[in-house]
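I opened my notebook to look up how this chain is put together. I went through helices, contacts, cores and charged pairs in turn.

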Amino acid sequence: RRMRWLETRIPPPIVAVCLALLAWLAAPAETRAGIAATTRVAVGVCIALLGGAIAVAGSIGFRRARTTVNPLHPEKASALVSSGIYRYTRNPMYVGVTLVLIGIAAWLWWLPALLAPAGFVVYITRFQIRPEERTLMKKFGAPYEQYCRSVRRWL
């Protein structure tokens, strides 16, 4: 409860960029020497592109419904989106960003770099998703409650 002031304050992309930067700065260059650069890059890019595609699909779903994509103001949501990618996950944009961070960790080829996507999941669940869910429950009521019962928060 003491940390409630942090809820929906920092844009999720800023959180992700900071974590990616920390992973990149912390990763020693010699850890990447054990595997061919083309393999690291290919694996990392494939995972990151998948994540980007999932995040874009989520954003498109919101835009089609003409509702806000601004994560700092969930109270401005004007529609409950439950079609498209939202049939599989309630948070495709966060799932996508997590996959991008996993792609970066694969590119770095350094096991501790996986702390970045793990940290993103923990932070975003606590300070972004749960506050969004409280707001959406108040705003949309029973339809949102049913949606939450039928679709997972992450995957």
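This is a predicted model: local features need pLDDT of at least 70, side-chain atom pairs count only at pLDDT 80 or more; totals for chains, interfaces and linings use all residues.

**Entry 1: the overall picture.** I looked up the elements. The chain has five helices and zero strands. Read from the N terminus, the order is α-α-α-α-α. I then checked the extent along the principal axes. The C-alpha atoms fill a box of roughly 55 × 35 × 25 Å. Of the chain's 155 residues, 38% count as buried. The accessible surface comes to about 9,100 Å². Carbon and sulfur atoms hold 67% of that surface. Next I looked at how far apart in sequence the contacts reach. Among contacts with a separation of 6 or more, 79% join residues 24 or more positions apart.

**Entry 2: helix α2.** I picked α2, which covers residues 37-64.

Which residues of α2 are buried? I found R40, G44, G51, I54, A55, G58, S59 and G61. What do the buried residues of α2 pack against? They pack against α3, residues 92-108.

I took S59 as a case from helix α2. Its relative accessibility is 19%, and the cut-off for buried is under 20%, so S59 counts as buried. Leaving out residues up to four places away in sequence, S59 touches V69, Y86 and M93.

I also checked what comes after the helix. R66 follows α2, and its phi is positive, near 55 degrees.

**Entry 3: a nonpolar patch outside.** I turned to the surface. L21, W24, L25, V41, V45, L49 and W107 form a nonpolar patch there. Together these residues have about 680 Å² of accessible area. Which helices each supply at least two residues of the patch? They are α1 and α2. I looked up one member, V45, which sits in helix α2. V45 has 41% relative accessibility, so it counts as partly exposed.

**Entry 4: the nonpolar cores.** I wrote down a general point first. In soluble globular proteins, nonpolar side chains tend to be buried together. Here the largest nonpolar core has 22 residues. Which members touch the most other members? They are Y94, F120, Y123, I124 and W154. Helices α1, α3 and α4 each supply at least two residues of this core.

I followed I124 further. Not counting residues up to four places away in sequence, I124 touches P12, Y94, I129 and W154.

**Entry 5: salt bridges.** How many salt bridges does the structure hold? The count is six. I started with E7. The side chains of E7 and R4 meet in a salt bridge, at 3.5 Å from N to O. E7 is buried, with a relative accessible area of 10%. R4 is partly exposed, at 44% relative accessibility.

E7 also meets R134 in a salt bridge, at 2.5 Å from N to O. Where do the two partners lie? E7 is in the segment before α1 (12-26), and R134 is in helix α4, residues 115-140. R134 is partly exposed, with a relative accessible area of 34%.

Then I looked at E145 and R149. Their closest N and O atoms are 3.3 Å apart in a salt bridge. Both residues belong to helix α5, residues 142-150. They are four residues apart, so about one helical turn separates them. E145 is partly exposed, with a relative accessible area of 37%. R149 is exposed, at 58%.

Last, I checked for shared partners. Salt bridges that share partners join R4, E7, R126 and R134 into one network.

Technical notes. Residues are numbered from 1 along each chain as its sequence is written. Side-chain values use heavy atoms; hydrogens and water are left out. A salt bridge is a side-chain nitrogen of Lys or Arg within 4 Å of a carboxyl oxygen of Asp or Glu. Buried means under 20% relative accessible area, exposed over 50%, partly exposed in between (1.4 Å probe, protein chains only). The expected span of a helix is 1.5 Å times one less than its number of residues. Contact means heavy atoms within 4.5 Å. Patches are made of residues with over 30% relative accessible area and no salt bridge: like charges are joined within 9 Å, nonpolar side chains (Val, Leu, Ile, Met, Phe, Trp, Tyr) within 5 Å. Accessible areas come from the Shrake-Rupley method with a 1.4 Å probe; for residues, only the protein chains shown count as cover. A nonpolar core is a set of buried Ala, Val, Leu, Ile, Met, Phe, Trp, Tyr and Cys residues joined through side-chain atoms within 4.5 Å.
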